[in-house]
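Reader: Hey, can we go through this model together? I'd like to start with a hairpin.

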Amino acid sequence: MISIQQAQVGYQTTLIDIAQLALPAGQIYALIGRNGSGKSTLLQTLIGQLPLRAGSISFGAFSLTELQRNAALRATQVSYVASMFTGVEALTLRAYVSLGRVPHLGAFGRLQASDLQFVAEVLHALNLSDLAQKDTRKLSDGERQLASLARAIVQDTPLMVLDEPASFLDYFNRDLLIDQLQLWVQQKTERTAVFSSHDIDLCLQKGIPMLVLHQQKLTLLAKPTKQEVMALLSQNS
Amino acid sequence: MKQRSIQLLTSTGILLLLLTWVHLFVLQQEEGANSTLIFWEFQVPRLLSALLAGAGLSLSGLLMQNLFQNPMAGPYVLGINSGASLLISLLILGAAPTFLNELSYVSAAMTGAFLAASFMFVVSKRVQNIQSLLVIGLMFASFTGAIESVLQSFAAPEQVKQLFIWNMGSLQQMSAAQAPWLGTIIVFGIATTLFLVKGLNAMVLGDAHAIQLGIKVRQLKIVILFVTALLAGSITAYCGPIAFVGLAIPNLARALLKTQDHLLLILFSVFAGSCFLVAIDVLILLLDPWLSIPVNVLTAVIGAPYVAYLMLRQR
(Lines give C-alpha, C1' and ligand atoms only; values in the text may rest on other atoms or scores of the structure.)
Protein backbone atom coordinates (compact mmCIF):
# COMPACT_ATOMS: atom_id res chain seq x y z
CA MET A 1 0.00 0.00 0.00
CA ILE A 2 1.40 3.34 -1.05
CA SER A 3 -0.25 6.44 0.31
CA ILE A 4 0.57 9.92 -0.86
CA GLN A 5 -0.48 13.08 0.99
CA GLN A 6 -0.16 16.65 -0.31
CA ALA A 7 3.01 15.68 -2.14
CA GLN A 8 4.88 18.13 -4.33
CA VAL A 9 7.33 16.44 -6.67
CA GLY A 10 10.08 18.12 -8.66
CA TYR A 11 13.65 19.38 -8.67
CA GLN A 12 13.77 23.19 -8.47
CA THR A 13 10.09 23.73 -9.16
CA THR A 14 7.05 21.63 -8.45
CA LEU A 15 6.39 19.44 -11.46
CA ILE A 16 3.63 17.28 -10.02
CA ASP A 17 1.19 18.11 -7.25
CA ILE A 18 -0.62 15.15 -5.67
CA ALA A 19 -3.30 16.08 -3.12
CA GLN A 20 -4.11 12.59 -1.98
CA LEU A 21 -3.71 9.15 -3.47
CA ALA A 22 -3.78 5.61 -2.13
CA LEU A 23 -2.49 2.66 -4.13
CA PRO A 24 -3.58 -0.67 -2.65
CA ALA A 25 -0.96 -3.41 -2.63
CA GLY A 26 -1.16 -6.59 -4.70
CA GLN A 27 -1.36 -4.63 -7.94
CA ILE A 28 0.89 -3.36 -10.67
CA TYR A 29 0.38 0.22 -11.81
CA ALA A 30 1.29 1.69 -15.16
CA LEU A 31 2.52 5.28 -15.03
CA ILE A 32 1.38 7.00 -18.20
CA GLY A 33 2.23 10.51 -19.33
CA ARG A 34 3.43 12.60 -22.24
CA ASN A 35 7.14 13.19 -22.85
CA GLY A 36 8.51 15.56 -20.24
CA SER A 37 5.47 15.25 -18.00
CA GLY A 38 7.67 14.12 -15.11
CA LYS A 39 7.34 10.33 -15.10
CA SER A 40 11.00 9.72 -14.33
CA THR A 41 10.99 12.51 -11.74
CA LEU A 42 8.08 10.86 -9.96
CA LEU A 43 9.81 7.46 -10.08
CA GLN A 44 13.05 8.98 -8.74
CA THR A 45 11.00 10.37 -5.86
CA LEU A 46 9.37 7.01 -5.16
CA ILE A 47 12.74 5.26 -4.89
CA GLY A 48 14.03 7.92 -2.53
CA GLN A 49 16.66 9.46 -4.83
CA LEU A 50 14.83 12.79 -4.96
CA PRO A 51 13.37 14.36 -1.81
CA LEU A 52 9.79 15.56 -1.80
CA ARG A 53 9.37 19.32 -1.98
CA ALA A 54 6.42 19.06 0.39
CA GLY A 55 3.98 16.52 1.76
CA SER A 56 4.57 12.86 2.51
CA ILE A 57 4.60 9.41 0.97
CA SER A 58 4.44 6.17 2.93
CA PHE A 59 4.99 2.57 1.93
CA GLY A 60 3.31 0.16 4.32
CA ALA A 61 5.08 0.65 7.64
CA PHE A 62 7.70 3.13 6.48
CA SER A 63 7.68 6.76 5.38
CA LEU A 64 9.75 7.89 2.43
CA THR A 65 11.83 10.15 4.69
CA GLU A 66 12.71 7.23 6.93
CA LEU A 67 13.86 5.22 3.94
CA GLN A 68 15.87 8.13 2.58
CA ARG A 69 17.80 8.35 5.82
CA ASN A 70 18.63 4.65 5.88
CA ALA A 71 20.03 3.26 2.63
CA ALA A 72 20.32 -0.29 3.96
CA LEU A 73 16.68 -0.33 5.06
CA ARG A 74 15.56 1.23 1.79
CA ALA A 75 17.32 -1.49 -0.19
CA THR A 76 15.17 -4.10 1.55
CA GLN A 77 11.97 -2.12 0.80
CA VAL A 78 12.34 -0.66 -2.70
CA SER A 79 13.95 -2.10 -5.82
CA TYR A 80 14.49 -0.12 -8.99
CA VAL A 81 14.87 -1.01 -12.64
CA ALA A 82 16.53 1.83 -14.54
CA SER A 83 15.55 2.45 -18.14
CA MET A 84 19.00 1.64 -19.42
CA PHE A 85 21.76 -0.68 -18.26
CA THR A 86 24.66 -0.73 -20.69
CA GLY A 87 26.51 -3.69 -19.22
CA VAL A 88 29.82 -4.01 -17.43
CA GLU A 89 32.87 -5.79 -18.79
CA ALA A 90 33.54 -9.21 -17.23
CA LEU A 91 30.21 -9.10 -15.38
CA THR A 92 28.12 -12.10 -16.41
CA LEU A 93 24.35 -11.96 -16.55
CA ARG A 94 24.12 -14.32 -13.58
CA ALA A 95 26.54 -12.19 -11.56
CA TYR A 96 24.57 -9.06 -12.48
CA VAL A 97 21.27 -10.59 -11.41
CA SER A 98 22.91 -11.92 -8.23
CA LEU A 99 23.84 -8.36 -7.25
CA GLY A 100 20.14 -7.97 -6.45
CA ARG A 101 20.85 -10.11 -3.38
CA VAL A 102 23.41 -7.60 -2.06
CA PRO A 103 21.06 -6.06 0.55
CA HIS A 104 20.60 -9.53 2.06
CA LEU A 105 24.29 -10.53 2.15
CA GLY A 106 27.09 -10.21 4.71
CA ALA A 107 30.17 -7.99 4.37
CA PHE A 108 32.03 -10.38 2.08
CA GLY A 109 29.12 -10.54 -0.33
CA ARG A 110 29.03 -14.35 -0.48
CA LEU A 111 25.89 -15.91 -1.96
CA GLN A 112 24.38 -18.78 0.01
CA ALA A 113 22.92 -21.87 -1.61
CA SER A 114 19.42 -20.43 -1.14
CA ASP A 115 20.45 -17.22 -2.94
CA LEU A 116 21.85 -19.19 -5.87
CA GLN A 117 18.70 -21.27 -6.02
CA PHE A 118 16.52 -18.15 -6.02
CA VAL A 119 18.58 -16.55 -8.79
CA ALA A 120 18.40 -19.72 -10.87
CA GLU A 121 14.60 -19.87 -10.52
CA VAL A 122 14.14 -16.26 -11.57
CA LEU A 123 16.49 -16.68 -14.55
CA HIS A 124 14.49 -19.70 -15.59
CA ALA A 125 11.16 -17.86 -15.30
CA LEU A 126 12.45 -15.07 -17.55
CA ASN A 127 13.99 -17.48 -20.11
CA LEU A 128 17.46 -16.20 -19.28
CA SER A 129 19.05 -19.45 -18.07
CA ASP A 130 20.90 -20.06 -21.33
CA LEU A 131 22.44 -16.59 -21.21
CA ALA A 132 23.57 -16.84 -17.58
CA GLN A 133 27.30 -17.03 -18.36
CA LYS A 134 27.23 -14.36 -21.03
CA ASP A 135 29.07 -11.06 -20.50
CA THR A 136 26.52 -8.28 -19.86
CA ARG A 137 28.32 -6.18 -22.49
CA LYS A 138 27.49 -8.76 -25.14
CA LEU A 139 23.78 -9.06 -24.42
CA SER A 140 21.15 -7.32 -26.53
CA ASP A 141 19.37 -4.29 -25.06
CA GLY A 142 16.25 -6.36 -24.53
CA GLU A 143 18.13 -9.15 -22.80
CA ARG A 144 19.75 -6.62 -20.50
CA GLN A 145 16.35 -5.14 -19.73
CA LEU A 146 15.00 -8.55 -18.73
CA ALA A 147 18.14 -9.11 -16.66
CA SER A 148 17.45 -5.85 -14.81
CA LEU A 149 13.95 -7.10 -14.04
CA ALA A 150 15.45 -10.34 -12.75
CA ARG A 151 17.85 -8.37 -10.57
CA ALA A 152 14.95 -6.41 -9.04
CA ILE A 153 12.94 -9.61 -8.47
CA VAL A 154 15.75 -11.29 -6.54
CA GLN A 155 16.11 -8.15 -4.42
CA ASP A 156 12.76 -9.27 -2.98
CA THR A 157 11.30 -5.96 -1.81
CA PRO A 158 7.67 -4.95 -1.18
CA LEU A 159 7.87 -2.17 -3.77
CA MET A 160 9.36 -2.40 -7.26
CA VAL A 161 9.75 0.71 -9.39
CA LEU A 162 10.55 0.36 -13.09
CA ASP A 163 11.44 3.13 -15.55
CA GLU A 164 10.19 2.13 -19.00
CA PRO A 165 11.12 -1.51 -18.48
CA ALA A 166 9.71 -2.59 -21.85
CA SER A 167 11.29 -0.01 -24.14
CA PHE A 168 13.69 -2.51 -25.78
CA LEU A 169 11.52 -5.61 -25.46
CA ASP A 170 9.88 -7.37 -28.38
CA TYR A 171 6.19 -8.19 -28.38
CA PHE A 172 6.57 -11.55 -26.65
CA ASN A 173 8.93 -10.29 -23.99
CA ARG A 174 6.61 -7.35 -23.21
CA ASP A 175 3.93 -9.90 -22.55
CA LEU A 176 6.34 -11.90 -20.40
CA LEU A 177 7.35 -8.80 -18.44
CA ILE A 178 3.75 -7.85 -17.59
CA ASP A 179 2.84 -11.43 -16.71
CA GLN A 180 5.89 -11.79 -14.48
CA LEU A 181 5.14 -8.50 -12.73
CA GLN A 182 1.54 -9.52 -12.15
CA LEU A 183 2.71 -12.84 -10.81
CA TRP A 184 5.29 -11.14 -8.63
CA VAL A 185 2.85 -8.82 -6.83
CA GLN A 186 0.62 -11.78 -6.03
CA GLN A 187 3.34 -14.14 -4.77
CA LYS A 188 3.61 -12.33 -1.45
CA THR A 189 1.24 -10.02 0.37
CA GLU A 190 1.85 -6.27 0.41
CA ARG A 191 3.72 -6.18 -2.87
CA THR A 192 3.32 -3.31 -5.30
CA ALA A 193 4.96 -2.50 -8.63
CA VAL A 194 4.91 0.82 -10.47
CA PHE A 195 6.27 1.05 -14.00
CA SER A 196 6.26 3.83 -16.54
CA SER A 197 5.22 3.04 -20.08
CA HIS A 198 4.11 4.49 -23.38
CA ASP A 199 2.45 1.27 -24.42
CA ILE A 200 -1.11 2.27 -23.54
CA ASP A 201 -2.72 -0.40 -25.68
CA LEU A 202 -0.90 -3.28 -24.00
CA CYS A 203 -1.72 -1.91 -20.54
CA LEU A 204 -5.40 -1.57 -21.51
CA GLN A 205 -5.42 -5.05 -22.94
CA LYS A 206 -3.93 -6.47 -19.75
CA GLY A 207 -6.37 -4.48 -17.60
CA ILE A 208 -3.62 -2.74 -15.65
CA PRO A 209 -4.64 0.18 -13.41
CA MET A 210 -3.13 3.40 -14.71
CA LEU A 211 -1.61 6.41 -13.07
CA VAL A 212 -2.00 9.20 -15.58
CA LEU A 213 0.17 12.30 -15.35
CA HIS A 214 -1.55 15.33 -16.81
CA GLN A 215 -1.52 19.04 -16.07
CA GLN A 216 0.83 18.48 -13.11
CA LYS A 217 -1.66 16.12 -11.53
CA LEU A 218 -1.71 12.36 -11.04
CA THR A 219 -4.97 10.53 -11.60
CA LEU A 220 -5.57 6.89 -10.79
CA LEU A 221 -7.76 5.02 -13.25
CA ALA A 222 -8.55 1.66 -11.64
CA LYS A 223 -10.33 0.38 -14.75
CA PRO A 224 -9.15 2.60 -17.56
CA THR A 225 -10.68 2.90 -21.00
CA LYS A 226 -8.88 4.31 -24.01
CA GLN A 227 -11.24 7.32 -24.18
CA GLU A 228 -10.58 8.24 -20.56
CA VAL A 229 -6.81 7.99 -20.90
CA MET A 230 -6.73 9.92 -24.16
CA ALA A 231 -9.01 12.60 -22.76
CA LEU A 232 -6.66 13.11 -19.81
CA LEU A 233 -3.47 13.05 -21.88
CA SER A 234 -4.76 15.46 -24.52
CA GLN A 235 -5.57 18.16 -22.00
CA ASN A 236 -3.18 21.04 -22.46
CA SER A 237 -0.61 21.29 -19.75
CA MET B 1 33.70 -20.83 -13.51
CA LYS B 2 34.44 -21.08 -9.79
CA GLN B 3 36.74 -23.98 -10.44
CA ARG B 4 38.65 -22.05 -13.07
CA SER B 5 39.13 -19.16 -10.66
CA ILE B 6 40.41 -21.47 -7.95
CA GLN B 7 42.78 -23.12 -10.43
CA LEU B 8 44.10 -19.75 -11.50
CA LEU B 9 44.54 -18.62 -7.91
CA THR B 10 46.39 -21.79 -6.95
CA SER B 11 48.65 -21.71 -9.97
CA THR B 12 49.49 -18.06 -9.30
CA GLY B 13 50.27 -19.02 -5.70
CA ILE B 14 52.55 -21.84 -6.82
CA LEU B 15 54.27 -19.57 -9.32
CA LEU B 16 54.81 -17.06 -6.54
CA LEU B 17 56.44 -19.67 -4.31
CA LEU B 18 58.63 -20.79 -7.17
CA LEU B 19 59.73 -17.25 -8.00
CA THR B 20 60.38 -16.57 -4.32
CA TRP B 21 62.59 -19.62 -4.12
CA VAL B 22 64.49 -18.68 -7.27
CA HIS B 23 64.86 -15.11 -6.07
CA LEU B 24 66.12 -16.04 -2.65
CA PHE B 25 68.11 -19.23 -3.08
CA VAL B 26 69.20 -19.52 -6.69
CA LEU B 27 70.15 -16.06 -7.78
CA GLN B 28 71.40 -14.46 -4.62
CA GLN B 29 73.90 -16.94 -3.26
CA GLU B 30 76.50 -15.36 -1.10
CA GLU B 31 79.51 -17.24 0.12
CA GLY B 32 81.68 -16.46 3.05
CA ALA B 33 81.54 -15.35 6.62
CA ASN B 34 78.92 -12.68 6.20
CA SER B 35 76.48 -14.78 4.22
CA THR B 36 73.88 -15.06 6.99
CA LEU B 37 74.04 -11.36 7.67
CA ILE B 38 73.70 -10.51 3.99
CA PHE B 39 70.83 -12.92 3.66
CA TRP B 40 68.80 -11.31 6.43
CA GLU B 41 69.86 -7.72 5.93
CA PHE B 42 69.75 -7.48 2.14
CA GLN B 43 68.30 -10.46 0.36
CA VAL B 44 65.18 -10.99 2.44
CA PRO B 45 64.25 -7.28 2.60
CA ARG B 46 64.71 -7.06 -1.17
CA LEU B 47 62.37 -9.98 -1.72
CA LEU B 48 59.87 -8.56 0.77
CA SER B 49 59.94 -5.21 -1.05
CA ALA B 50 59.00 -6.93 -4.28
CA LEU B 51 56.29 -9.03 -2.65
CA LEU B 52 54.72 -6.20 -0.68
CA ALA B 53 55.01 -3.50 -3.33
CA GLY B 54 53.58 -5.79 -6.01
CA ALA B 55 50.64 -6.80 -3.85
CA GLY B 56 49.95 -3.29 -2.57
CA LEU B 57 50.27 -1.50 -5.89
CA SER B 58 48.02 -3.84 -7.80
CA LEU B 59 45.45 -3.75 -5.00
CA SER B 60 45.49 0.04 -4.96
CA GLY B 61 45.06 -0.04 -8.74
CA LEU B 62 42.05 -2.34 -8.40
CA LEU B 63 40.53 -0.01 -5.82
CA MET B 64 41.11 3.06 -7.97
CA GLN B 65 39.57 1.40 -10.99
CA ASN B 66 36.52 0.69 -8.89
CA LEU B 67 36.44 4.19 -7.41
CA PHE B 68 36.81 5.94 -10.77
CA GLN B 69 34.65 3.33 -12.48
CA ASN B 70 37.32 3.23 -15.08
CA PRO B 71 39.59 0.31 -15.99
CA MET B 72 42.42 2.67 -17.00
CA ALA B 73 42.81 4.18 -13.55
CA GLY B 74 45.87 3.39 -11.47
CA PRO B 75 48.10 5.01 -8.90
CA TYR B 76 50.83 5.91 -11.37
CA VAL B 77 48.85 7.16 -14.38
CA LEU B 78 46.59 9.28 -12.20
CA GLY B 79 49.51 10.97 -10.48
CA ILE B 80 49.08 9.46 -7.02
CA ASN B 81 52.76 8.57 -6.92
CA SER B 82 53.54 12.10 -8.04
CA GLY B 83 51.65 13.53 -5.09
CA ALA B 84 53.61 11.29 -2.75
CA SER B 85 56.79 12.11 -4.60
CA LEU B 86 56.25 15.86 -4.28
CA LEU B 87 55.72 15.76 -0.55
CA ILE B 88 58.73 13.47 -0.09
CA SER B 89 60.88 15.93 -2.05
CA LEU B 90 59.60 18.74 0.10
CA LEU B 91 60.51 16.71 3.16
CA ILE B 92 63.99 15.67 1.99
CA LEU B 93 64.83 19.19 0.86
CA GLY B 94 62.98 21.20 3.44
CA ALA B 95 63.00 19.42 6.75
CA ALA B 96 65.81 19.39 9.25
CA PRO B 97 67.72 16.06 9.16
CA THR B 98 66.38 15.18 12.61
CA PHE B 99 62.90 14.97 11.14
CA LEU B 100 63.92 12.57 8.41
CA ASN B 101 62.73 9.39 10.03
CA GLU B 102 60.42 6.50 9.23
CA LEU B 103 57.27 8.19 10.36
CA SER B 104 57.85 11.47 8.56
CA TYR B 105 58.68 9.73 5.26
CA VAL B 106 55.66 7.52 5.30
CA SER B 107 53.26 10.16 6.49
CA ALA B 108 54.54 12.66 3.92
CA ALA B 109 54.12 10.13 1.13
CA MET B 110 50.68 9.12 2.34
CA THR B 111 49.52 12.70 2.71
CA GLY B 112 50.75 13.46 -0.79
CA ALA B 113 49.09 10.34 -2.17
CA PHE B 114 45.84 11.13 -0.41
CA LEU B 115 45.79 14.74 -1.61
CA ALA B 116 46.56 13.70 -5.18
CA ALA B 117 43.93 10.94 -5.12
CA SER B 118 41.31 13.32 -3.73
CA PHE B 119 42.21 15.96 -6.31
CA MET B 120 41.95 13.48 -9.17
CA PHE B 121 38.70 12.16 -7.78
CA VAL B 122 37.15 15.64 -7.71
CA VAL B 123 38.42 16.23 -11.26
CA SER B 124 36.98 12.90 -12.42
CA LYS B 125 33.51 14.15 -11.43
CA ARG B 126 33.88 16.84 -14.10
CA VAL B 127 35.42 14.87 -16.96
CA GLN B 128 33.59 11.74 -17.85
CA ASN B 129 35.84 10.12 -20.41
CA ILE B 130 38.92 8.06 -19.79
CA GLN B 131 41.24 9.91 -22.13
CA SER B 132 40.75 13.34 -20.57
CA LEU B 133 41.26 11.96 -17.11
CA LEU B 134 44.51 10.28 -18.12
CA VAL B 135 45.74 13.48 -19.75
CA ILE B 136 44.93 15.42 -16.59
CA GLY B 137 46.79 12.79 -14.56
CA LEU B 138 49.76 13.23 -16.86
CA MET B 139 49.60 17.01 -16.56
CA PHE B 140 49.39 16.70 -12.81
CA ALA B 141 52.48 14.50 -12.79
CA SER B 142 54.45 16.86 -15.00
CA PHE B 143 53.33 19.81 -12.88
CA THR B 144 54.54 18.22 -9.65
CA GLY B 145 57.68 17.16 -11.52
CA ALA B 146 58.30 20.78 -12.45
CA ILE B 147 57.87 21.91 -8.86
CA GLU B 148 60.29 19.23 -7.79
CA SER B 149 62.85 20.48 -10.31
CA VAL B 150 62.51 24.01 -9.00
CA LEU B 151 62.95 22.74 -5.46
CA GLN B 152 66.00 20.77 -6.49
CA SER B 153 67.73 23.84 -7.82
CA PHE B 154 67.84 25.07 -4.24
CA ALA B 155 69.10 21.79 -2.89
CA ALA B 156 72.53 20.55 -1.98
CA PRO B 157 74.07 18.03 -4.44
CA GLU B 158 73.82 15.28 -1.85
CA GLN B 159 70.07 15.79 -1.49
CA VAL B 160 69.58 15.90 -5.25
CA LYS B 161 71.35 12.60 -5.62
CA GLN B 162 69.25 11.09 -2.85
CA LEU B 163 66.08 12.21 -4.63
CA PHE B 164 67.28 11.05 -8.01
CA ILE B 165 67.95 7.55 -6.74
CA TRP B 166 64.64 7.45 -4.94
CA ASN B 167 62.79 8.57 -8.07
CA MET B 168 64.17 5.68 -10.10
CA GLY B 169 62.26 3.25 -7.95
CA SER B 170 64.15 0.48 -6.29
CA LEU B 171 63.48 -2.67 -4.36
CA GLN B 172 66.81 -2.40 -2.55
CA GLN B 173 66.19 0.67 -0.47
CA MET B 174 64.12 -0.89 2.23
CA SER B 175 66.12 -2.01 5.25
CA ALA B 176 65.40 -5.07 7.36
CA ALA B 177 64.13 -2.82 10.12
CA GLN B 178 61.68 -1.12 7.76
CA ALA B 179 60.22 -4.33 6.36
CA PRO B 180 57.83 -5.00 9.27
CA TRP B 181 56.45 -1.48 8.93
CA LEU B 182 55.63 -1.81 5.28
CA GLY B 183 54.40 -5.36 5.87
CA THR B 184 51.97 -4.20 8.54
CA ILE B 185 50.62 -1.40 6.37
CA ILE B 186 50.09 -3.63 3.33
CA VAL B 187 48.47 -6.42 5.34
CA PHE B 188 46.21 -3.87 7.01
CA GLY B 189 45.28 -2.49 3.57
CA ILE B 190 44.47 -5.93 2.19
CA ALA B 191 42.46 -6.89 5.27
CA THR B 192 40.45 -3.68 5.16
CA THR B 193 39.74 -4.17 1.47
CA LEU B 194 38.40 -7.67 2.10
CA PHE B 195 35.69 -6.14 4.26
CA LEU B 196 34.65 -3.88 1.38
CA VAL B 197 33.95 -6.70 -1.07
CA LYS B 198 30.17 -6.39 -1.05
CA GLY B 199 30.30 -2.65 -1.65
CA LEU B 200 32.96 -2.97 -4.34
CA ASN B 201 30.86 -5.56 -6.15
CA ALA B 202 27.81 -3.30 -6.15
CA MET B 203 29.86 -0.26 -7.20
CA VAL B 204 30.62 -1.74 -10.62
CA LEU B 205 27.04 -0.85 -11.54
CA GLY B 206 27.65 2.81 -10.76
CA ASP B 207 26.81 5.05 -7.81
CA ALA B 208 23.05 5.26 -8.28
CA HIS B 209 22.67 1.51 -8.58
CA ALA B 210 24.91 0.84 -5.59
CA ILE B 211 22.95 3.27 -3.43
CA GLN B 212 19.77 1.52 -4.47
CA LEU B 213 21.30 -1.75 -3.31
CA GLY B 214 21.84 -0.26 0.13
CA ILE B 215 25.55 0.56 -0.17
CA LYS B 216 26.69 3.69 1.69
CA VAL B 217 28.54 4.94 -1.36
CA ARG B 218 29.98 8.15 0.11
CA GLN B 219 31.49 6.34 3.09
CA LEU B 220 32.79 3.57 0.88
CA LYS B 221 34.51 6.03 -1.45
CA ILE B 222 36.24 7.77 1.42
CA VAL B 223 37.50 4.44 2.75
CA ILE B 224 38.71 3.48 -0.75
CA LEU B 225 40.55 6.80 -1.11
CA PHE B 226 42.13 6.31 2.29
CA VAL B 227 43.24 2.72 1.66
CA THR B 228 44.54 3.61 -1.81
CA ALA B 229 46.62 6.44 -0.39
CA LEU B 230 47.83 4.19 2.42
CA LEU B 231 48.99 1.50 -0.01
CA ALA B 232 50.37 3.62 -2.84
CA GLY B 233 51.80 6.22 -0.47
CA SER B 234 53.67 3.83 1.79
CA ILE B 235 55.07 1.84 -1.13
CA THR B 236 56.18 5.03 -2.85
CA ALA B 237 57.89 6.09 0.36
CA TYR B 238 59.87 2.84 0.66
CA CYS B 239 60.47 1.88 -2.95
CA GLY B 240 60.01 5.07 -4.94
CA PRO B 241 57.45 5.48 -7.71
CA ILE B 242 56.92 2.14 -9.47
CA ALA B 243 54.91 2.40 -12.67
CA PHE B 244 52.20 0.32 -14.36
CA VAL B 245 51.84 -2.52 -11.86
CA GLY B 246 48.72 -0.93 -10.40
CA LEU B 247 47.13 -0.45 -13.78
CA ALA B 248 48.11 -3.64 -15.55
CA ILE B 249 47.58 -6.37 -12.95
CA PRO B 250 43.89 -5.73 -12.10
CA ASN B 251 43.10 -5.61 -15.82
CA LEU B 252 44.88 -8.92 -16.24
CA ALA B 253 42.83 -10.24 -13.31
CA ARG B 254 39.52 -9.30 -14.92
CA ALA B 255 40.61 -10.62 -18.30
CA LEU B 256 41.71 -13.99 -16.91
CA LEU B 257 39.08 -14.56 -14.24
CA LYS B 258 36.24 -13.04 -16.29
CA THR B 259 34.50 -11.90 -13.15
CA GLN B 260 33.62 -8.78 -11.22
CA ASP B 261 33.56 -10.60 -7.91
CA HIS B 262 36.00 -8.49 -5.97
CA LEU B 263 36.90 -11.21 -3.49
CA LEU B 264 38.49 -13.16 -6.35
CA LEU B 265 39.87 -10.02 -7.99
CA ILE B 266 41.49 -8.87 -4.74
CA LEU B 267 43.10 -12.24 -4.06
CA PHE B 268 44.32 -12.63 -7.61
CA SER B 269 45.62 -9.06 -7.84
CA VAL B 270 47.56 -9.49 -4.62
CA PHE B 271 49.17 -12.77 -5.76
CA ALA B 272 49.73 -11.73 -9.36
CA GLY B 273 51.08 -8.32 -8.34
CA SER B 274 53.63 -9.98 -6.06
CA CYS B 275 54.48 -12.49 -8.81
CA PHE B 276 54.98 -9.71 -11.33
CA LEU B 277 57.37 -7.64 -9.24
CA VAL B 278 59.32 -10.66 -7.99
CA ALA B 279 59.63 -11.84 -11.59
CA ILE B 280 60.84 -8.38 -12.59
CA ASP B 281 63.41 -8.50 -9.83
CA VAL B 282 64.49 -12.00 -10.84
CA LEU B 283 65.07 -10.59 -14.31
CA ILE B 284 67.07 -7.72 -12.85
CA LEU B 285 69.18 -10.18 -10.88
CA LEU B 286 69.72 -12.31 -13.98
CA LEU B 287 70.89 -9.35 -16.04
CA ASP B 288 72.91 -7.91 -13.19
CA PRO B 289 76.31 -9.25 -14.32
CA TRP B 290 76.00 -7.31 -17.58
CA LEU B 291 73.87 -4.28 -16.87
CA SER B 292 71.91 -2.87 -13.96
CA ILE B 293 68.39 -1.83 -14.85
CA PRO B 294 66.19 0.16 -12.47
CA VAL B 295 62.91 -1.55 -11.66
CA ASN B 296 60.88 1.28 -13.19
CA VAL B 297 62.48 0.77 -16.56
CA LEU B 298 61.51 -2.88 -16.65
CA THR B 299 57.95 -2.37 -15.43
CA ALA B 300 57.56 0.29 -18.12
CA VAL B 301 59.01 -1.93 -20.86
CA ILE B 302 56.43 -4.60 -20.06
CA GLY B 303 53.62 -2.48 -18.65
CA ALA B 304 53.42 0.38 -21.14
CA PRO B 305 52.72 -1.73 -24.25
CA TYR B 306 50.13 -3.73 -22.32
CA VAL B 307 48.39 -0.53 -21.22
CA ALA B 308 48.50 0.78 -24.79
CA TYR B 309 46.93 -2.48 -25.93
CA LEU B 310 44.16 -2.07 -23.34
CA MET B 311 43.52 1.49 -24.54
CA LEU B 312 43.23 0.33 -28.14
CA ARG B 313 40.89 -2.48 -27.17
CA GLN B 314 38.61 0.02 -25.37
CA ARG B 315 37.46 1.56 -28.61
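Reader: Which residue in the hairpin of β1(A) and β2(A) takes a positive phi?
Author: A:G10 does, with a phi near 160 degrees. Keep in mind that this is a predicted model.

Reader: How many residues sit between the strands there?
Author: Six residues lie between β1(A) and β2(A) in that hairpin.

Reader: And how many bridges do β1(A) and β2(A) share?
Author: Seven bridges, and the pairing is antiparallel. β1(A) covers residues 2-9. One of the pairs is A:V9 with A:I16, its bridge partner in β2(A).

Reader: What holds paired strands together in general?
Author: Strands of a sheet pair through backbone hydrogen bonds, either parallel or antiparallel.

Reader: OK, zoom out. In what order do the strands of this open sheet run?
Author: The order is β2-β1-β4-β5 in chain A. That is four strands, with antiparallel pairing.

Reader: Which ones are the edge strands?
Author: β2 (16-23) and β5 (62-63) of chain A. Each of them pairs on one side only.

Reader: What about β1(A) and β4(A), how many bridges?
Author: Five, again in the antiparallel sense. A:I2 stands opposite A:F59 of β4(A).

Reader: And how many bridges join β4(A) to β5(A)?
Author: Two bridges, and these strands run antiparallel. β4(A) spans residues 54-59. A:S58 has A:S63 in β5(A) as its bridge partner.

Reader: New topic: chain B. At what angle do helices α3 and α10 of chain B pack?
Author: At about 50 degrees, with the axes 9 Å apart. α3(B) is residues 80-94, and α10(B) is residues 217-239.

Reader: So is that parallel or oblique?
Author: Oblique, because of that angle. The crossing of α3(B) past α10(B) is right-handed.

Reader: Which residues meet there?
Author: From α3(B), they are B:I80, B:N81, B:A84, B:S85 and B:I88. From α10(B), they are B:A232, B:G233, B:T236 and B:A237.

Reader: How many of the residues in that contact are charged or polar?
Author: No charged ones and four polar ones. The other group is five nonpolar residues.

Reader: Last thing. How many residues of chains A and B are in contact?
Author: 19 residues of chain A are in contact with 20 residues of chain B. On the side of chain A, the largest share comes from helix α3 (residues 71-77), with four residues.

Reader: How does that side of chain A divide by class?
Author: The side of chain A that touches chain B has 15 nonpolar residues, two polar and two charged.

Conventions:
Residues are numbered from 1 along each chain as its sequence is written. Chains are lettered from A and ligands numbered from 1 in the order in which they are written. This is a predicted model: local features need pLDDT of at least 70, side-chain atom pairs count only at pLDDT 80 or more; totals for chains, interfaces and linings use all residues. Two residues are in contact if their C-beta atoms, placed from the backbone, lie within 7 Å. Ala, Val, Leu, Ile, Met, Phe, Trp, Tyr, Cys and Pro count as nonpolar, Asp, Glu, Lys and Arg as charged, and the others, Gly among them, as polar. Axes are lines fitted to C-alpha atoms, for helices over the stretch in contact, and angles run from 0 to 180 degrees between N-to-C directions. Angles under 35 degrees count as roughly parallel, over 145 as roughly antiparallel, 65 to 115 as roughly perpendicular and the rest as oblique. A crossing is left-handed if the near helix is turned anticlockwise from the far one by less than a right angle, and right-handed if clockwise. Two strands pair if DSSP finds at least two bridges between them.
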